[in-house]
Amino acid sequence: QVRLVESGGGLVQAGGSLRLSCAAHGLGMVVRAMAWYRQAPGKQRELVASIRNMDTPRYQDSVRGRFTISRNYAANEVYLQMNNLKPEDTAVYYCNADTEAEYGRLPPAWGQGTQVTVSE
């Protein structure tokens, strides 16, 4: 079983910055990719940024140039540096991991979610 532990988030004024962190834990697992999703009130969960092993990161158009996703492969961690935050970035942010074990691919893992609130 894979467990994702998130940290970071909080309240910030528009134009400010926040950094989210997520660590993946699990015996015998190999992480194939990690990503950040977000869900605003009344809206569907959406992909914000993703990064496959040693591949080019991908971003949602609305955050490209402001957010940066990065990995610490040795520690199975993923980070999301969020700069120039806007009120429309307000949401619960979820970490996601695509993992596999010796016997095959595992179900997608999700973090508990962390609130990001951007005020005017």
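Which ring does the charged end of R45 sit over, and how far is it from the ring's centre? It is the ring of W110, with 4.7 Å to the centre. Bear in mind that this is a predicted model.

**Around W110**

Y37 belongs to strand 4 (residues 30–39) and W110 to strand 11 (residues 109–110), so the contact ties together parts that are 73 residues apart in sequence. Y37 is partly exposed, at a relative accessible area of 21%, and W110 is partly exposed too, at 36%.

There is another charge-over-ring contact to look at. Here the charged end of R19 sits over the ring of Y79, 4.3 Å from the ring centre. Side by side, the two contacts read like this:

| Charged residue | Ring | Distance to ring centre |
|---|---|---|
| R19 | Y79 | 4.3 Å |
| R45 | W110 | 4.7 Å |

Four strands make an open sheet in the order 1-3-8-7, with antiparallel pairing. Strand 1 and strand 7 (67–72) are the edges, each pairing on one side only. On average, neighbouring strands of this sheet are turned by 15 degrees against each other, direction ignored.

Strand 1 (residues 3–7) shows two faces: L4 and E6 are on the covered one, while R3, V5 and S7 are on the uncovered one. Five bridges hold strand 1 to strand 3 (residues 18–25) in the antiparallel sense, and V5 has A23 of strand 3 as its bridge partner. On to strand 8 (residues 77–82), which runs antiparallel to strand 3 and is joined to it by six bridges.

**The disulfide**

The disulfide count comes to one, and the bond joins C22 to C95 with an S to S distance of 2.1 Å. The angle about the S-S bond is -80 degrees, making the link left-handed. C22 lies in strand 3 and C95 in strand 9 (residues 91–101), so the link ties together parts 73 residues apart in sequence.

Are these cysteines buried or exposed? C22 has 1% relative accessibility and counts as buried; C95, at 0%, counts as buried as well.

Key
Residues are numbered from 1 along each chain as its sequence is written. This is a predicted model: local features need pLDDT of at least 70, side-chain atom pairs count only at pLDDT 80 or more; totals for chains, interfaces and linings use all residues. Side-chain values use heavy atoms; hydrogens and water are left out. Buried means under 20% relative accessible area, exposed over 50%, partly exposed in between (1.4 Å probe, protein chains only). Two strands pair if DSSP finds at least two bridges between them. A charge sits over a ring if NZ of Lys or CZ of Arg is within 6 Å of the ring centre and within 35 degrees of the ring normal. Axes are lines fitted to C-alpha atoms, for helices over the stretch in contact, and angles run from 0 to 180 degrees between N-to-C directions. A disulfide is a pair of cysteine sulfur atoms within 2.5 Å.
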